[in-house]
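Subject: Structure for your review

Dear colleague,

I am handing over the structure below, and I would be grateful if you could look through it before reading on. My notes on what was found follow it.

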Amino acid sequence: MAIEITDANFEELVAKSTKPVLLDFWAEWCGPCRMMAPQFEAAAKQAPEIRFVKIDSDAAPGASQRYGIRSIPSLLLFYGGREIGRQSGTLPAAQLLAWARSLLPR
């Protein structure tokens with residue numbers, strides 16, 4: 001299940017995580033974000049080795065600005081506290097997992 005975060009707990013849940021983190025920048029008013037949400041949840045259920053995190057770009061403008069988010073949904077993959085991949089737009093769960101796993105060290 002995806003975790004909802006804010007600017008306040010971003011550092012603890014993303015930058016200091018011992019697991020890879022897949023971060024979904026989204027907003028309630030965003031149609032593609034709403035279409036992506038069930039795919040993100042489905043992927044989260046299939047990949048317990050990855051922490052799936054959602055961040056509302058309107059509620060957490062600091063994180064959005066820090067990472068230069070210009071369009072949503074935007075997916076950022078973190079490993080060891082640093083960004084290792086970025087993808088914009090919607091993806092089916094299987095494609096999302098394939099993308100994330102292809103970037104993680106084996």
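Two strands are said to pair here if DSSP finds at least two bridges between them, and the elements themselves are DSSP runs numbered from the N terminus, with helices (H or I) of at least four residues and strands (E) of at least two. Please keep in mind that this is a predicted model, in which local features need pLDDT of at least 70 and side-chain atom pairs count only at pLDDT 80 or more, while totals for chains, interfaces and linings use all residues. Residues are numbered from 1 along each chain as its sequence is written, and side-chain values use heavy atoms, with hydrogens and water left out.

Six of the six residues of β2 are buried, so β2 is largely enclosed by the rest of the structure; buried means under 20% relative accessible area, exposed means over 50%, and partly exposed lies in between, with a 1.4 Å probe and protein chains only. In a regular strand the side chains alternate between the two faces of the sheet. In β2 both faces are covered, with Val-21, Leu-23 and Phe-25 buried on one side and Leu-22, Asp-24 and Trp-26 buried on the other.

**The sheet as a whole**

The five strands form an open sheet in the order β1-β3-β2-β4-β5, with mixed pairing. The edges are taken by β1 (3-5) and β5 (82-88), each of which has a single partner strand, so one side of each is left without a neighbour in the sheet. From one strand to the next the twist averages 25°, where axes are lines fitted to C-alpha atoms (for helices over the stretch in contact) and angles run from 0 to 180 degrees between N-to-C directions.

β4 pairs in turn with β5 in the antiparallel sense over six bridges, and here Ser-74 stands opposite Ser-88 and Phe-78 opposite Glu-83. These two strands form a hairpin with two residues between them, and Gly-80 in the turn has a positive phi of about 65°.

**The pair of helices**

How do α2 and α4 meet, and at what angle do their axes cross? The axes of α2 (residues 31-46) and α4 (residues 93-103) come within 8 Å and cross at roughly 55°. That makes α2 oblique to α4, given that angles under 35 degrees count as roughly parallel, over 145 as roughly antiparallel, 65 to 115 as roughly perpendicular and the rest as oblique. The contact brings Met-36, Gln-39, Phe-40, Ala-42, Ala-43 and Gln-46 of α2 together with Ala-93, Leu-96, Leu-97 and Arg-101 of α4. These residues divide into seven nonpolar, two polar and one charged, where Ala, Val, Leu, Ile, Met, Phe, Trp, Tyr, Cys and Pro count as nonpolar, Asp, Glu, Lys and Arg as charged, and the others, Gly among them, as polar.

The peptide bond from Ile-72 to Pro-73 is cis, with omega near 0°, and Pro-73 is placed in the loop between α3 (61-66) and β4. Thr-18, in the loop between α1 (10-15) and β2, is exposed, with a relative accessible area of 80%. Arg-106 lies in the segment after α4 and, at 88% relative accessibility, counts as exposed.

With kind regards

Note on methods
Contact means heavy atoms within 4.5 Å.
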